[in-house]
Amino acid sequence: MYIDVAAGMNHTVVLKSNGTVIAWGDNSKDQSAVPRGLTGVTAIAAGLRFSLALKNDGSVVAWGDNSFGAISIPKNITVSAIGAGSTNSVLQLTNGGVITLGAPNGGVRITRTITLSPYYTVTDT
């Protein structure tokens with residue numbers, strides 16, 4: 001049984017009820033090449049030519065094209081939700097913060113961290 005589906009430009013990623021992922025379609029940038037042994041997945045997302053999987057331990061596994069830095073996932077973070085645009089990724093952290101990676105609309109590559117508590121702050125790097 002399938003519980004979620006995400007579509008990139010020419011590839012599709014599907015989350016199965018057993019926490020595994022399958023993908024098909026264009027694989028020119030390895031966006032459909034699901035890493036071997038990937039299990040414990042609770043959410044998926046797909047960008048232009050990349051794919052993301054959120055695992056039940058809060059870690060994120062990413063594969064495919066990293067030309068814009070969209071899958072340069074920081075180490076030592078715990079994520080509660082993921083999203084993907086064309087050339088960017090969004091990670092919602094368990095502490096309430098949000099990290100965006102990549103280049104929205106194919107523009108300038110940024111990493112942005114948004115802290116929601118106690119005050120709203122934005123840090124670009």
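Predicted model: local features only at pLDDT ≥ 70, side-chain atom pairs only at ≥ 80, totals over all residues.
In this report, two strands count as paired if DSSP finds at least two bridges between them, and a strand itself is a DSSP run of E, at least two residues long, numbered from the N terminus.

## Two hairpins in a row

Strand β7 covers residues 79-84 and strand β8 covers residues 88-93; the two pair in the antiparallel sense over 5 bridges. A hairpin of 3 residues takes the chain from β7 to β8. To find this pairing in the structure, look for Ala84, which stands opposite Ser89 in β8.

Strand β8 also has β9 (residues 98-102) as a partner, again running antiparallel and joined by 5 bridges. Here Leu91 faces Ile99 across the pair, standing opposite it in β9. These two strands form a hairpin as well, with 4 residues between them.

## An open sheet of three strands

Where do β1, β2 and β3 sit relative to one another? They form an open sheet in the order β1-β2-β3, with antiparallel pairing. Because β1 (2-7) and β3 (21-25) each have a single partner strand, they stand at the edges, and one side of each is left without a neighbour in the sheet. From one strand to the next, the twist averages 20°.

## His11, a buried residue

Strand β2 spans residues 11-16, and His11 belongs to it. Is His11 buried or exposed? Its relative accessibility is 2%, and since buried means under 20%, His11 counts as buried.

The side chain of His11 makes a polar contact of 3.0 Å with the side chain of Ser51. Leaving out residues up to four places away in sequence, His11 touches a list of residues that includes Ala6, Trp24, Asp26, Gln31, Leu48, Phe50 and Ser51.

In soluble globular proteins, nonpolar side chains tend to be buried together. In this model, the largest nonpolar core has 15 residues, and Leu52, Leu54, Val60, Ile73, Val79, Ile82 and Leu91 touch the most other members. At least two residues of this core come from each of β4 (41-46), β5 (50-55), β7, β8 and β9. The most come from β5, which gives 3 residues.

Beyond residues up to four places away in sequence, Val79 touches Leu54, Gly58, Val60, Leu91, Gln92, Leu93 and Thr94. There is also a second, separate core of 10 residues, with Val13, Ile44, Ala46 and Trp63 among them.

## Pro35 in a loop

Our last stop is Pro35, found in the loop between β3 and β4. With a relative accessibility of 28%, Pro35 counts as partly exposed.

Which residues does Pro35 contact, setting aside its neighbours within four places in sequence? They are Val61 and Trp63. Val61 is 26 residues from Pro35 along the chain, and their C-alpha atoms are separated by 8.5 Å.

Key:
Residues numbered from 1 in each chain as written. Heavy atoms only, no water. Buried < 20%, exposed > 50% of the residue type's maximum accessible area, 1.4 Å probe, protein only. Polar contact = N/O pair within 3.5 Å; in protein donor to acceptor, adjacent residues only side chain to side chain. Contact = heavy atoms within 4.5 Å. Axes fitted to C-alpha atoms, helices over the stretch in contact; angles between N-to-C directions. Core = buried A, V, L, I, M, F, W, Y, C linked by side-chain atoms within 4.5 Å.
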